[in-house]
Amino acid sequence: MKYIDEFRDRNLALQIASQIKSEADPAKHYQFMEFCGGHTHAISRFGIVDLLPNHVEMIHGPGCPVCILPVGRVQTAISLSHIPGLILCTYGDMLRIPTTDGMSLLKAKAAGADVRMVYSSIDAVNIAQNNPDRQVVFFAIGFETTVPPTAVALQQARAANLKNFSVYCNHVLTPPAIAHILQSPEVRELGLVQLDGFIGPAHVSVVIGSQPYDYFAEEFQKPVVIAGFEPLDVMQAILMLIRQINTNRIEVENEFSRAVLQNGNLKAQQTVADVFELRRTFEWRGLGVIPYSALKIKAEYADFDAELRFPIEERSIADNKACECGAILRGVKRPQDCKIFGTVCTPDNPIGSCMVSSEGACAAHYRYGRFRDHQSSISARV
Amino acid sequence: MCLAIPACVEKLTTDNHAIVNLSGIRKTVSLALVENIQPGDYVIVHVGFALQRLDPAEAERTLAFFAEMSSLDNQI
Amino acid sequence: MSSIKVKSGYVRALDLKHGHVEMAHGSGGRATAQLIEQLFVAAFDNAILRLLNDQACFPSSGGRMVMSTDSHVITPLFFPGGNIGSLSVHGTINDIAMSGAQPRYLAASFILEEGFPLIDLKRIVDSMAEAARNAKVPIVTGDTKVVERGSGDGVFITTTGLGWVPDGIDISAHRASPGDKILVSGFLGDHGVAVMAQRENLSFDTTIESDSAPLHELVAHMITVVPDIHALRDPTRGGLATALNEIARQSSVGMLVQEEYLPIRESVNAACEFLGLDPLYIANEGKLIAICSPADAENLLTAMQAHPLGKHAAIIGEVIEDTHCFIQMQTRFGGRRIVDWLNGEQLPRIC
Ligand code: SF4
């Protein structure tokens, strides 16, 4: 697979690993946050931790749109699916997310609701076109990457004058969440581990560009390296962060230059601006309410907004008190520090946001890394 | 994260769509979010949309940078 | 054709081209007899079945017998490389073969949905017959029921198999012990990807075909070379990852798998990249996992590779001591990770 396999080369990985080892100052403890679930996934799936020296630590951020979606919103989607005759379309990721009473869209489907998995937002529009006498709601989730496809779907629905299509919009934005992690009031309460730098999102940045991160470098004095989702990209980004710190630089660097431009994809941004505007506040599961951190459908497209078309009440459902996601997402605690990790809370029965998709910090540790808790030595260390 | 992968544009089809190929897997994707895509280009595909053209020169540069690192390391 | 009043009890000739399954075909009356004789018996034809008894009667050779049953439901019914018919024959033959036994007889039970086209049913039955003939395992008894339209999904097939274990063979998933080697017989994930490619909401094009195949001859060949194979399993639903976890739990051991030795086609990997799936969890229908002592491993590998269904066999890892029964994988990239049980059905992801 061109442009994939080259970025998974073991020999190059070992070389970068030994470079990291030789350049990382043994007297320092480096703590970097990868914001994106994509990076968390790469780190777990390829076992990157084993290639890093002990004093270079990765903290898994909240960058998974599935994990951070509040349970109340999933519950709303389930209620929508129960409206007689309605077809609820969504991405495969959302089907299994459990609500507090143990329901999920998959279970709603089993109970008779017409819930359909789509691969693309356009599939949902097609379903609406093929079922003119039924209401079709697209339960949309995702970061900046997934917003433009939803915007195109809405434009197409309007152009086709579809009366039976609407979108339940749950699109969220990356930069406000990063800022929130660095400066929210909870930081005072929970504390915040010294974060020495960020690995910036790959595909989000394809759309928004590298420029929005300048703010973090300037305002918070944190180095940022935007990196692709292949394991060599991640290793290289870690090395670049170490170099910035060792040379006292604080900049936004772009390791993913093969796909990220400074200004991103302007056509995609325009499409989004045509359809969406900022939401005043939005609740993130595990982080709380974050101002201007999500999108809503503009007035011009109000006819296609499921939140206006159907009576929907905002529900906020708190997570279990034992859940430490808030602290984990800020790097203060690790999944294995949570009292119910791996016992009550497992990927089959997620209690908190970090266990929901395999990209959450707890799920990644459970699915890929928990053997390390039981082993004192790992032979694969370099 | 957002699952997206680079695939090669094999041919342009009607309605601003294209067929992309990733190691023998072919899929139709929308080109509504990109401009001036030609067959042979690599695009980053996400939920059935091409999100960006991949810049082959930059990809080479990044890979060369990795390789440079390894030759550097060999000298140590 | 206009609707003609027919005498009760009169049965028109089975119209295999344009006809459909009707409730009468399951009523036990003449229509049932006709369907059985003109379709099933004609296709599966063998001396035992021809007697048209409600049971099959055959001599037994003594020794240990093995029995296994498997219900087959699949969407779509037809896929590149096979259909529900051939799959239902191979599936049960393989379940029998994983004990080291030679499968001898099959029984097949059909649940048909009212309205299902007879022409499709014939295609399915013909491919079952062909699969059974090629495998030299006759279908000697069976049953047919019809459910009302809407209560089924076209065709469900349950097959049951019977086989004999050769003397001296003791193959069981609780026999894996630390130090043992783990082998697989070929490329992983072909079946699952071939089937997924046919589902309309995922629509992608590929030339990958299902690997559906009967493994008993491969197994027979393997046990002549290495009689003391400890465990065999065919990694069907849930793929390699699930099968390894099952064996590890049954044997109370762990495993360490080397990613770089896993035989996976590039196109299967590519399909998984597109859909956000892990090939280790994708179903196979013509592959087996074998576990044997390290001393036997090379011989077993050579034996497998000498058989057409084991050409791409590989040693992929070893059994280790681990009270947690973790399956660990040394990644191609140089790190380690767990290969956990699958949680729920694998669904395509966008993030
Ligand atoms: S293990 Fe579960 S409950 Fe504990 S912090 Fe993680 S997600 Fe929350």
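Mentor: Start in chain A, where Phe35(A), Phe143(A) and Trp284(A) form one aromatic cluster. The model is predicted, so local features need pLDDT of at least 70 and side-chain atom pairs need 80 or more, while totals for chains, interfaces and linings use all residues; side-chain values use heavy atoms, without hydrogens or water. Residues are numbered from 1 along each chain as its sequence is written, and chains are lettered from A and ligands numbered from 1 in the order in which they are written.

Now the rule for rings. Rings of Phe, Tyr and Trp (its six-membered ring) pair if their centres lie within 6.5 Å. Planes under 30 degrees apart count as stacked, over 60 as edge-to-face, and the rest as tilted. Over all chains, that rule gives 16 aromatic pairs. One of them is Phe40(C) with Phe44(C): tilted, 6.2 Å centre to centre, with 40° between the planes. Helices (H or I, at least four residues) and strands (E, at least two) are DSSP runs, numbered from the N terminus.

Buried means under 20% relative accessible area, exposed over 50%, and partly exposed in between (1.4 Å probe, protein chains only). Phe40(C) counts as buried because its relative accessible area is 6%. Phe110(C) has 2%, so it is buried too.

Next, follow Phe44(C) to a neighbour. Leaving aside residues within four places in sequence, Ile139(C) is in contact with Phe44(C), Asn46(C), Leu49(C), Val89(C), Leu106(C), Ala108(C), Met128(C) and Ala132(C). Contact means heavy atoms within 4.5 Å. Ile139(C) lies in strand 5 (residues 139-147) of chain C. It is buried, because its relative accessible area is 3%. Its C-alpha atom is 7.9 Å from that of Ala129(C), ten residues apart along the chain.

Helix 3 (residues 84-97) of chain C packs with helix 4 (residues 118-135) of chain C at about 35°, with axes 6 Å apart. The crossing of these two helices is right-handed. From helix 3 of chain C come Ile84(C), Gly85(C), Ser86(C), Ser88(C), Val89(C), His90(C) and Ile93(C). From helix 4 of chain C come Ile124(C), Ser127(C), Met128(C), Ala131(C), Ala132(C) and Ala135(C). By class, this contact has eight nonpolar, five polar and no charged residues.

Axes are lines fitted to C-alpha atoms, for helices over the stretch in contact, and angles run from 0 to 180 degrees between N-to-C directions. A crossing is left-handed if the near helix is turned anticlockwise from the far one by less than a right angle, and right-handed if clockwise. Ala, Val, Leu, Ile, Met, Phe, Trp, Tyr, Cys and Pro count as nonpolar, Asp, Glu, Lys and Arg as charged, and the others, Gly among them, as polar.
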